[in-house]
Structures are given as C-alpha cells and as structure tokens.
Amino acid sequence: MRSDAEEARPVPLDGVARPPAPSLGRGLARITPAAGVAALRLRAASLGEGFADAVRRDLDGGLALPGLVVVFACGIGLYFHFPSEPWPPAVTAVAGLAVAGTWMRRRAGHPARLAATLAALLIGIAAASWETRRVAAPRLDHERTVTVEGRVVDLEGTAAGGLRLVVDVHRMEGRGLRPETTPTRITATLGARGGRPDVGDGVRFKARLKPPEGPVMPGGYDFARRAWFEGRGAGGYVLGRVETIDLGPTPGFEGATRMIGSLRHAIAERVRASLPGESGTIAAALMVGEQRAIPESAAEPLRASGLTHIVSISGLHMGLVAGGVIVVARALLALFPVLALGFPIKKWAAAAAFVVATIYLLLSGNQVAALRSHLMLSVALLAVLVDRPAITMHTVAVAAAVILAFEPSAVMEPSFRMSFLAVIALVASYDVHRALSARRASPRRETGVVGHVVGGGLRQIEGFAVSSLVAGLATAPVIAGTFFRAAPYSILANMAVLPVTGLVVMPSAIVAALAMPFGLEVWPLAVMGLGIEWMIAVGRWAAALPAGAGLLGEPHPAMMPFGMFAVLWLSALKSRIRLFGLVPAVVAVVLVFAGPRPDVLIGRHGTAVAVRGADGRLHVLGGRQERFDVGIWLAADRDPRPATTADLAEGWRCDPLGCVHRLDVDAMSAVASGPMTDGSITAGRRGGERVPGGGEEHSAAPAAASRAVADASGTARVPRVLEIAVVRDPRAFEEDCRRTAIVVTTLVAPPGCRAATTVFDRLDLARAGATTLDFTGPVRPIDPFADRTATGAVEPGGGGGSAPGFLDPTSAPEGAVGLPAPEAIDGGPPAAAETSLAHGEASSQDAHEIRVRRAVRIRTALPSTARPWTPIDPRLAVIEREVAEVAEVLRTPATADRTEPRSDGGPDSERSPADAAADPTPVPAGGAAATSAKPRVVRGRDPGGRARGGSWGRRPGEGGRSGDVEEAPPDEPTGGGPAGAGLGGGELSSGG
C-alpha cells in the first residue's frame with residue numbers, strides 16, 4: 001500500500017511518476033561541506049560494495065579453488081621470509097584451528113571466505129615448516145679433502161668435457177669428520193681425464209668438498225636453500241681418478257633408476273658424438289635434459305634473446321610431444337572406420353600421449369621443470385578421458401596444489417614461478433583470443449587451396465606472436481628480479497624459432513630416439529642440427545641488436561611481488577575489476593629502475609671486493625675463482641662488461657700485504673660534504689648504519705694536508721680521499737686501520753681496529769655473508785699521522801716473512817669449490833701497470849690530500865637469525881671467544897706480569913697492547929714481533945704475542961686447535977672460498 005504522502009502527490013497526465021523538483025533550500029543544503037562529505041562517503045561505500053560484489057561473482061564463477069591455491073603458495077613464501085624458524089607443531093595447531101573455524105562457519109550457513117583464506121595461508125606456512133624438518137640432512141662443516149665411497153645416482157656432462165656426479169655417500173673418510181657433519185649426498189665434478197663411471201656404479205675417489213654456500217649478494221638466489229631441500233650436504237671437485245668398487249646389489253627401485261639413468265646418459269653421449277659442437281650439446285639437452293654441457297658461447301645469446309625456455313625441457317616440449325602423438329594416433333585410428341565410428345579414439349590417443357610423455361619425463365632425468373610440466377599435462381589428459389575441458393584454471397590449480405603438497409619449497413624456485421605464471425596467462429588469454437578470432441569472417445570456399453594455406457599460416461604466426469607476447473609479459477617480473485635482465489626482442493626471436501622447433505627440431509628428436517636402437521640416428525640428428533643452428537643464429541642476431549643484452553640491473557625487492565600479483569589479478573578475474581591489475585603492473589615497472597646501486601660490494605668469501613668509482617662503474621678486485629660472483633655483480637649493476645674484462649680492477653693498488661682503492665669524494669656526485677662529526681660503532685649492524693670510530697673529534701684538517709692543488713678548472717682545492725683496504729697479511733693492520741675508511745680482510749682484525757675504522761673481517765663474513773655498503777652521512781677527515789698505537793694493531797706473532805699465497809644466477813658455477821689460488825690474483829696483482837706500494841710509511845701524497853671516512857649503510861645476504869639452511873661457520877663461537885679474551889687483555893693492566901726491559905739497551909719492540917697503552921711511543925712499522933728476538937710475557941698471552949689458540953690476525957694454517965674444531969693438516973690447502981685465502985685461519989667456514 002502507498003503512504004498518505006504518495007497518495008497526495010499529483011500524478012502527471014502521461015502517467016509517469018517523476019521526482020519532485022529541487023527547491024532552492026534543498027540545493028543549498030546539498031552543497032554544504034557536511035553534505036559533500038556525506039556524499040563522498042556514500043559514493044565510496046557504493047564503489048566498495050560494487051567491488052566486493054564483483055569479486056564474489058568471480059569467485060563463485062569458478063575461481064575459489066585457484067584463489068585458495070594462490071593463498072596457499074603465499075603462505076609458503078611467507079614462511080621463507082620469517083625472521084626466525086617457527087615451531088612446526090605450533091603452526092600446525094593454529095592452522096588446524098583455522099580449518100575448524102572454517103568448517104564451523106560453513107556448517108552455520110555462512111560463506112566463510114575470509115576464514116578459508118586464513119586457513120589456506122596457515123596451512124602453507126605449516127607445510128613449508130614440516131618440509132624443512134623432513135628433508136634435514138647432515139652437511140659438511142667446512143672445506144675438507146676427503147675420501148668418498150658411494151653410489152652414483154645421477155651424472156651430467158659439463159661444458160669442459162667432464163662429468164658432474166651426484167653420489168649417495170656410503171662412507172666418507174677425513175680428518176675431524178663426525179657423523180653429524182658427514183653428508184649423505186654430495187655433488188662432485190670430474191675432469192675429462194678422470195674416468196667415466198655410470199649411473200648406479202659404486203665409486204671411490206678423493207675430493208675437495210665444501211658445504212653449500214649462500215647468496216652471491218644480498219637479495220640474490222640462495223644456493224644453500226636449494227641444496228638443503230635437495231638433500232645435498234657438500235659439493236666440490238674430484239682429485240685424480242675415480243675407482244669403481246663393488247657396493248653390493250642394487251635394490252629393485254634403485255635398479256630401475258640406474259637403468260633409466262644409464263640409458264639417458266648413453267643417449268646424450270651418442271647425440272654429442274653424432275652431432276658435435278654447440279648443436280650436439282643443445283640436442284642432448286632437448287632429448288634428455290643435460291644442459292650443463294652447453295657452452296657459454298651458445299647459452300648467452302639464447303638467454304639474451306629469450307630462447308632459453310626452448311633448451312630446458314618444460315611445458316613446450318611436453319606439449320609438442322604429447323600433441324604430436326595425439327595427432328598421429330588419431331590419424332592412424334581414423335583410417336579404420338570401424339574403430340573411428342565405434343570407439344572413443346580421442347581418449348585412446350590421449351592415453352597413448354600420456355605413456356609417451358611419461359617415457360620422455362623419465363629420460364629427462366625427472367627434472368623439476370619437466371616433472372611439473374608432466375603433471376600439468378597429465379591433469380589435462382585426464383580431463384579429456386573424463387570428458388571435461390582440458391585446459392582451465394582448475395587444471396592449473398590442481399597441478400600446482402599437487403606439486404606444492406609434496407614439495408612446498410618449489411614456490412621459491414624461479415622455474416616454478418615462470419612456468420605457472422606463463423600457463424595461467426596463456427589460459428586466461430585463450431578465451432579472449434578465440435573470441436576475437438571468431439569475429440573474423442571465415443575464408444570463402446572459392447579462395448582455393450593456396451588461400452586456405454596462406455590464411456592458416458598467417459593464423460599460426462599470429463598465434464605464436466600472441467603466445468610469445470603473453471608468456472613473455474607474464475614471466476617478466478621473475479626474469480627481471482632473478483636474472484636482472486629482460487629480452488626486448490624475445491617476441492621476434494620466438495616467432496622465428498618456435499615454428500622450426502615444432503615442425504623440425506622436436507619431430508626429428510623423436511625420430512632419432514626411435515632410430516637409435518638400429519644405429520640410424522645420424523640422419524634425423526642432422527636434420528635436427530639444422531634447426532638448432534637456426535635457433536642459435538636467431539639468438540645471436542637478436543642479442544646483437546641495440547640493447548639486445550637486455551640488462552636491467554637489480555630491481556627494487558618489491559618489484560617481483562607487485563609484478564606477480566598483477567599477472568595473477570589480470571589473468572584470473574573476469575569482470576571489469578580486472579583492470580585494477582594495471583595499478584600494481586605500473587608500480588612494478590617503476591620499481592624495475594629503482595633498485596639499489598651499492599658503493600661497495602664484498603663477496604661471500606671476502607676475497608672479491610668491488611668499489612664504485614667516480615665514473616659510476618664498479619672496480620672489482622677478484623681472481624679467476626670469483627668470476628661467477630663478479631659476473632652476477634656486473635649484471636645486477638647493469639654493466640655489460642664480462643667478468644673476464646682486463647680493466648675491471650682499474651684503480652686498485654696492490655703489494656704483498658694487500659690492496660688499496662682510493663676514491664676522490666669530491667669527484668663523486670653521490671658524496672655530499674657535511675660538518676665534521678664524531679661517531680662510534682653501532683651495536684646493531686644488519687640493516688642499519690655503521691659509523692667509524694676515531695677517538696677525539698677532528699676539528700680541522702691536518703696541518704700537513706693544508707697545501708692546495710688545482711683542479712681541472714684551475715681552482716685551488718685540497719682533494720679529499722677515501723680509501724678502502726683489503727688486508728691479506730697481519731702486518732698491514734697497523735697502517736690500514738689508522739689511515740683507511742674501510743678495512744676488508746679474511747683474517748680476524750685486531751680489536752682496536754674496529755674502534756678506529758669500519759671493519760669487515762672473518763667474523764663479519766661468517767655472520768653476514770655477502771655484503772653491500774652505501775655511504776651515508778657527512779665526510780669526516782682523519783689524521784694519517786695519528787698515533788699508531790690508537791688502533792691496538794700489535795703484530796700478532798710470527799713477525800717476518802713474505803705474504804702468503806693467496807650467468808644464470810640460479811646455477812652454481814662448475815666445481816663448487818675453487819682451486820687453490822696462485823701466489824697472487826690471476827698470477828699478478830690487478831692492473832699491473834698501475835701497481836705501486838700500497839702499505840708502508842706515510843707517503844708524500846699525505847701532504848696534498850685529506851683522508852676521510854664516512855658512515856655506511858649495510859645490506860647482508862644472510863639473515864640475522866640463522867635458518868636451517870643458512871651457512872654457519874663452525875669456528876665462529878671459538879673465534880668470538882678468543883677475540884673476547886684478547887679484548888680483555890687489552891683492557892687489563894699487565895704491569896705486574898711484564899718482564900724487565902731488554903738488558904742490551906736495544907729498543908723495546910716486543911710490547912704488548914697493555915704496554916702500548918701505558919707508553920704511547922710509536923711502534924716501528926712492521927710490528928714488534930718482527931724485530932725483537934726476546935719475547936715478553938704478558939698475562940694470558942703466549943710468547944709470540946698472540947692469545948692462546950688465538951685466531952685474530954692469523955693466516956691460514958697458523959695456530960693449533962681450539963675447542964673441538966679440527967684444523968686442516970699442513971699438506972691440505974686451506975682457505976676462505978675459491979681464492980684459497982682463509983677467513984682468518986683454519987679452513988673454509990663461510991659456506992658451512
């Protein structure tokens with residue numbers, strides 16, 4: 001019934017009701033501030049409600065399951081970014097409560113979408129935490145030379161002609177090995193002349209192994225995490241030859257694995273023998289998945305042109321093989337009308353495709369990418385068998401859920417992210433492309449055969465172009481965030497290569513595999529080689545175009561999450577709110593060019609150091625063994641120079657004690673002058689700033705530095721110089737701690753050095769791993785003529801003598817352990833033409849310059865709280881205790897324990913740190929122990945001036961045992977990483 005007001009309202013003659021005309025008072029009220037705010041609130045509420053309704057419609061339309069799988073994967077990723085390890089039972093209990101709450105809300109008739117989302121997130125965290133505990137296996141404590149007995153479970157050819165063995169260890173012998181530090185699975189690279197074992201063989205060999213190592217740079221790919229979840233406890237290289245031994249019969253399942261492994265390796269060897277060169281290595285990779293043998297000369301153009309996915313067995317290859325089998329099987333069955341009309345030959349063809357795809361998976365070595373592709377293909381073929389659509393978002397979601405249920409850590413791998421993002425985007429774009437194609441008029445009958453053929457070819461080219469574009473855009477966030485590059489010409493390269501791959505390369509590979517038992521594989525392999533040569537030629541052509549390398553540099557860490565979210569939003573949603581996905585896409589594009597550009601990079605071993613010069617480029621100090629790390633640094637810095645470039649070390653000056661790099665801060669646009677202030681070392685380093693100490697505040701420049709020099713414009717100025725020192729010998733500490741802004745060393749720096757300057761020594765490397773520094777704050781001048789005893793850098797025993805000897809970023813370099821380094825880096829100091837004495841007394845340059853320091857902001861590769869896969873230095877606790885003892889000695893007066901001065905009247909050069917504090921007379925350069933023949937007795941110290949068992953300032957091989965940590969025998973090479981320079985003594989532990 002109508003109200004009285006409605007009854008009284010006059011009705012127009014046409015019978016159509018109209019709203020009342022606005023009065024002047026109502027119009028004025030509408031434009032008041034309160035009314036405007038209320039209108040905005042109503043409008044916002046209306047938009048929010050409409051947005052929520054659109055999301056609900058999309059979820060009810062079939063996106064609920066894919067959405068929960070995405071949330072499940074986000075929970076797994078969130079676990080890996082936790083600051084510390086959660087307790088799995090507690091996480092599981094919370095996840096169970098969330099599931100129970102979801103079930104109760106559903107029973108009560110509520111949608112429970114929010115509760116289900118929370119439950120999926122918590123289940124992902126719990127699944128990842130339980131997998132971390134389930135795959136836990138012993139790891140080698142530090143670098144060792146050991147004797148290994150075990151069984152070869154997999155092997156793969158290398159680019160140098162050798163073999164990479166994956167060995168299940170039965171027994172390992174080495175000095176100091178304990179059961180908890182004896183790995184059960186290792187990898188070892190065998191040289192070309194070291195014998196050729198087969199899969200399943202029992203072997204014995206001597207090897208140099210070290211534990212898996214962490215990222216090459218902060219935010220980089222974590223090799224130690226991948227090794228942890230693969231069960232690998234060490235990696236390295238074989239010393240000498242491999243001896244075949246009898247380890248008893250192989251169990252049934254392992255016997256089948258041995259037969260398949262032997263078959264795939266035999267196929268690879270025959271392919272490379274019949275098709276030598278780059279084409280043969282790529283053919284073997286396409287047929288059995290052995291990619292390590294591909295030389296860099298062919299791999300780099302394929303990466304730059306976006307063709308690497310063709311070499312890696314993935315969904316493309318599985319689809320081509322399965323699709324070819326379906327087409328051939330249906331064509332053959334259709335020749336018999338009885339079968340074609342009376343039986344479901346489509347399902348028979350799908351079953352045959354599943355069998356062939358499974359054989360292909362086994363021959364590929366069950367690689368992760370191939371396994372995921374096979375699972376997705378199996379779900380699609382199963383959908384055909386049960387008369388359901390083969391390719392839908394549900395198919396992709398089920399495949400992802402199955403993989404993540406058994407292997408949650410796969411969500412952190414770039415291959416998993418790229419494969420599923422590409423498939424999701426292709427599935428989403430398929431309906432759009434089909435709808436657009438349906439609007440076109442079909443070719444008329446009178447166009448003839450030629451017209452139909454040409455039209456079909458054009459449609460195929462269009463399909464390849466659209467697929468390449470969609471897949472390239474979908475995987476771009478992962479490629480840019482992991483490999484620091486894009487493939488600007490990937491669409492052109494893929495359009496030119498994919499037809500040849502589908503019509504020539506893969507069919508020839510199948511024919512060659514079928515003809516191989518009869519010895520007739522030469523001819524199909526020759527045809528396959530022609531297609532591969534075309535692929536390589538296109539890759540090199542695309543890479544040679546302007547900006548063909550596609551280097552983007554390291555993006556902002558938030559770029560990849562924003563980009564992946566944009567791809568999922570644009571692909572999954574169907575309503576108009578899909579366009580909101582363009583917002584995170586634009587943010588991701590902006591963040592690509594907002595990445596960090598550190599001023600100093602320190603390698604994970606401490607032997608590679610890069611400094612950004614006034615020209616804006618990195619000047620790298622590093623040898624042959626650091627080229628893998630340096631290559632990633634250059635790619636992250638958008639630097640096209642290869643790691644083998646001769647001028648990378650320009651600006652470094654070296655002598656037997658170490659190296660120094662000098663920066664003119666006034667020539668660097670990033671450095672801004674400021675007031676001279678004093679600072680101290682901050683206690684919390686990670687993610688914060690470290691300010692160099694320096695005793696009293698410097699109110700003016702040293703008098704000796706008051707002379708002015710003329711710059712390029714003729715204006716008189718005094719250059720301000722900031723020096724970074726790399727110390728290789730303890731004798732350099734006394735000067736470098738006093739005169740330089742940053743000291744990097746693989747030794748343990750003296751305690752007083754940290755009070756004078758910014759130090760990164762063995763302790764810092766063990767805690768932080770690879771580190772980057774950014775200069776912050778004002779420039780602080782230092783006095784190069786200050787009292788040397790202020791640093792407390794007393795010669796730590798031993799005295800004289802010469803100095804001791806010393807880009808796919810997800811693929812560790814060949815030979816996980818570096819060979820013992822030569823006497824100097826690459827046979828000589830870097831930039832030999834500019835080499836000069838870097839250490840010694842104050843030079844005449846001090847009279848024409850001001851030495852300065854700056855605070856630094858630090859980024860570290862290792863987390864502040866170690867996770868189960870984080871490399872840990874086993875000697876860290878012992879060294880910290882020894883350093884604390886030395887610091888206590890420096891603080892404790894030792895007058896009661898000192899012996900009388902020398903009776904021969906000579907200089908009292910064997911002074912302790914406590915003596916130096918009492919008598920600040922400068923100590924001659926080179927240290928006390930180098931000139932004194934009579935030792936002094938200091939409380940808690942040995943006659944050599946070193947704390948008992950002490951490790952500060954110790955070179956590799958010095959000292960004895962401390963605690964229960966075993967030192968390396970004298971005949972074994974020791975060292976901190978590939979360069980062979982130890983992190984202060986003993987054996988390598990940064991990767992432990």
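Tutor: The following dialogue takes up strands, nonpolar cores, disulfides and salt bridges in turn. Please keep in mind that this is a predicted model.

Student: Which strands pair with β17?

Tutor: Strand β6 (residues 600-602) runs antiparallel to β17 and is joined to it by 3 bridges; here Leu 601 has Thr 772 as its bridge partner. Strand β18 (residues 850-860) also pairs with β17 in the antiparallel sense, over 9 bridges. Within that pairing, Asp 774 stands opposite Arg 857.

Student: How should I read a nonpolar core, and which residues of the largest one touch the most other members?

Tutor: In soluble globular proteins, nonpolar side chains tend to be buried together. In this model the largest nonpolar core has 35 residues, and those touching the most other members are Ile 76, Phe 80, Leu 404, Val 411, Phe 416 and Phe 420. Several helices supply at least two residues each, among them α3 (33-80), α14 (368-385) and α16 (414-438). The greatest contribution, 7 residues, comes from α15.

Student: What does Ile 76 touch, not counting residues up to four places away in sequence?

Tutor: Its contacts on that basis are Gly 124, Ile 125, Ala 128, Leu 404, Pro 408 and Val 411. There is also a second, separate core of 33 residues, which includes Leu 275, Leu 286, Ala 493 and Val 497.

Student: Let us turn to covalent links. How many disulfides does the structure hold?

Tutor: The structure holds 2. In sequence order, the bonded cysteines of the protein chain pair as 1-2, 3-4. Cys 737 and Cys 753 form another, with sulfur atoms 1.8 Å apart.

Student: Is each link right-handed or left-handed?

Tutor: The angle about the S-S bond is the quantity to inspect. For Cys 654 and Cys 659 the value is 110°, and the link is right-handed. For Cys 737 and Cys 753 the torsion is about -95°, so that disulfide is left-handed. Cys 737 lies in helix α23 (residues 733-739) and Cys 753 in helix α24 (residues 751-754), so the pair ties together parts that are 16 residues apart in sequence. As to burial, Cys 654 and Cys 659 are buried, as are Cys 737 and Cys 753.

Student: Finally, how many salt bridges are there, and where do the partners Glu 723 and Arg 662 lie?

Tutor: The count comes to 38 salt bridges. Glu 723 and Arg 662 form one of them, with their closest N and O atoms 2.5 Å apart. This pair links distant parts of the chain, 61 residues apart: Glu 723 is in strand β14 (residues 720-727) and Arg 662 in strand β10 (residues 658-664). At 5% relative accessibility, Glu 723 counts as buried, whereas Arg 662, at 22%, is partly exposed.

Student: Which residues are linked in a network of salt bridges?

Tutor: Such a network links Glu 149, Arg 171, Glu 173, Arg 204 and Glu 243.

Terms used: Residues numbered from 1 in each chain as written. Predicted model: local features only at pLDDT ≥ 70, side-chain atom pairs only at ≥ 80, totals over all residues. Heavy atoms only, no water. Pairing = 2+ DSSP bridges. Helix = DSSP H or I, 4+ residues; strand = E, 2+ residues; numbered from the N terminus. Core = buried A, V, L, I, M, F, W, Y, C linked by side-chain atoms within 4.5 Å. Buried < 20%, exposed > 50% of the residue type's maximum accessible area, 1.4 Å probe, protein only. Contact = heavy atoms within 4.5 Å. Disulfide = S-S within 2.5 Å. Salt bridge = Lys/Arg side-chain N within 4 Å of Asp/Glu carboxyl O.
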